[in-house]
Amino acid sequence: MQFALLIYESPQAFASRKSDGTDSYTGAWRAYHKALVESGAFVGGDPLEIPDTGTTIRIKDGKRGVQDGPYADTKEQLGGFTILELPSLDAALEWAARCPAASYGAVEVRPLAPDTKRRIVE
Amino acid sequence: MSGGEEDKAHRAVERVARESYGRLVAYLSVQTQDVAGAEDALSEALLRALTAWPRDGVPQNPEAWLLTAARRSLIDFFRHQKVVSASEPDLLLFTQGPAETSVEPNFPDERLKLLFVCAHPAIDPAMHTPLMLQTVLGLDAIRIASAFLVPPKTMGQRLVRAKTKIRDAGIRFEVPEKHQLPERLEAVLEAIYAAFGIGWDDMAGVDQRGGRGLAEEAIWLGRVLLQLLPGEAEVQGLLALMLHCEARRDARRDRDGRYVPLSEQDPKLWSIPLIEEAERHLAEASRYERPGRFQLEAAIQSVHAERGRSGRIEWAAIAQFYEQLNRISPTIGRRTGYAAALAEANGAEKGLAVLDAIEQEAVSAYQPYWAVRAHLLELLGRNTEATRAYDRAIGLAEDPAVREFLLKKRR
C-alpha cells in the first residue's frame, strides 16, 4: 500500500531552511530520508518552496481568479510530501511519528487512491 | 442549590469516577460477564450522578449509589432486550439481588479477575494494554489511540471488538489456577509494562494533558496488582523496575530540555525514596528464589542506581544480567543492551561483535541498535561507518531531544 505523508510546517521552520545545510533542520531531514530509503519504504517525494512562492488559480463562473500565495490561509503550510510503500497504516503512522516535522509541525498520513488513478489513467 | 455546592457535587463525581472506576467496572463485569455492558451501565450511572448529586447532595456512600444506579440501567437494558444467554441465571440473581439500599458498602475488589481477562490468551496481545487502560483505569479511546499511534476511530473499534470477544467467547472472570498462573501472570505484567514504556518514551509530555501520565498509571496498576496478588516475585520485580526508572524522571533532560543519557545523569536529581522503594521490592522478590525477566531487568536498573553511592557503574554485572535475560528470552532490545554493556566492560570490539550477530532485517527500524552501533564504531575510529549508523539512529528517532543529541554527536 502506498501512503503520502503530507508535511505541514510553521513559518519558523520554513525560515530555518535558509542555511548552508549544517543546521539541525537539514541534518534531521537528511537522516530521516536515509532511514526511509534504507528501510525500503521510500517511493518518492520532495520538499516544496516556501508558501509565499505559491500562486493559486481558480476559474469561477468562467472568470479567472489568481491569488498570490498558497490556497489555504493557515499558520502551518504544506512544506513537502513523501510517498511510502508500507504494509499498513500502523506502519505509516510509525514513520510519520519519526518525521522531524511531527515534533515541530504536523504530518498528515493519507493513503494514495490507486483505483481512482486507474480510472483516470485508462 | 448554590454554585459552590454544585461544584462540590461535580468534583465528587469526578473523584469517584477516577478512584473507583476500575473497581466498579470489575465488580459489574464479574456479575454480568460482559465488560462493555458494565462500562455502559456505569457511564449512565455517572451521568445520573451529575444531575442527582448537585440536587440531592453527595450520597454517604457514592460507590454504592453508583452501583445501584448501574444495576438499574442493566435491569432496564435486559428488560428491553429480553436476551436469553448462558449467563442469564447469574444476571437474574444479580439484578434481583438485595434491595438497592443494601449494596454492600465494601463490595469485593474484582480488579484482579478483570486484569486477567484483559490479558487473556484468546485476546490479541496488541489489545491487552489498551483494554486494561480502558476498563481498569477508565482512560478514553482517544487518549489510548494517541499512546498507541492508532487512529482514534480504529482504536475505538478494536476495543469494542475485543470486549465483544470477551463476552461471546465466554472468557471467564477468574484468577487462573496455580499451574496456569505464571504464564497468565506474565501476560498481565507485560501489558502493564507496555503502558509504562509508552509513558516513559513520552518525554514531551503529550500524554500528560488532563491527568497522570501513562507511566504513573502503570505504576499504580503495579501497586494494585501487588496488593491483590502478594507473594509473586515477578510482580514485585516489575514494580521495582518501574520505580527505578521513574526515580530518574527529572534527570533525563537538562535545564534547556536537552537529552541526558543515563550514564551521564546527575544522581543528585534521582528520587531517593523511589529508589529505596524499588530496592525494597527487589530484595523481597529475591527472597522467593524464583528469578524472572522483570527481576533481572530491575536488577540492571539497580546496578545503575548504585552509581549514586559508589560513583561508578559495574558494567560487568549489567552484562551478566543481560546474558541471563537473553537466555530466558532474547529480544532485539536485550541483545542491544547486552552489546552496550559488554562494550563498556570488555571493549567496543566485543560489543560490536554482538551487534553484528543480530539479523539486519530485525533491526532495520530499531532505533537503539543504530545509536549503540554508531557509538561503538566511533570509539573504534571507524568514522565513515559511524556517521552512517548515526544517520540511521537520527532518522529513526521520534523524540526531538534524542534527535538533537545524536545530531550533535554525529558532527
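**View 1. Where chain B meets chain A.** The contact draws 15 residues from chain B and 16 residues from chain A, with two residues counted as touching if their C-beta atoms, placed from the backbone, lie within 7 Å. This is a predicted model, where local features need pLDDT of at least 70 and side-chain atom pairs pLDDT 80 or more, while totals for chains, interfaces and linings use all residues. Residues are numbered from 1 along each chain as its sequence is written, with chains lettered from A and ligands numbered from 1 in the order in which they are written. On the chain B side, helix H19 (383–396) and helix H20 (400–410) each supply at least two residues; helices are DSSP runs (H or I, at least four residues), numbered from the N terminus. H19(B) gives the most, with five residues.

**View 2. Helices H16 and H18 of chain B.** H16 (residues 348–356) and H18 (residues 367–379) of chain B pack at about 145 degrees, their axes 9 Å apart; axes are lines fitted to C-alpha atoms over the stretch in contact, and angles run from 0 to 180 degrees between N-to-C directions. From H16(B), B:Ala348, B:Gly351, B:Leu352 and B:Leu355 meet H18(B) residues including B:Tyr369 and B:Val372.

**View 3. Helix H10 of chain B.** The 15 residues of H10(B) (214–228) should span 21 Å at 1.5 Å a residue, and the end C-alpha atoms agree, being 21 Å apart; the expected span is 1.5 Å times one less than the number of residues. Among its buried residues are B:Leu214, B:Ile219 and B:Leu225, buried being 20 or more other C-beta atoms within 10 Å of a residue's own. Their cover includes H5, H9 and H11 of chain B.

How values were computed: A residue is buried if 20 or more other C-beta atoms lie within 10 Å of its own, exposed if 12 or fewer, and partly exposed in between; C-beta atoms are placed from the backbone.
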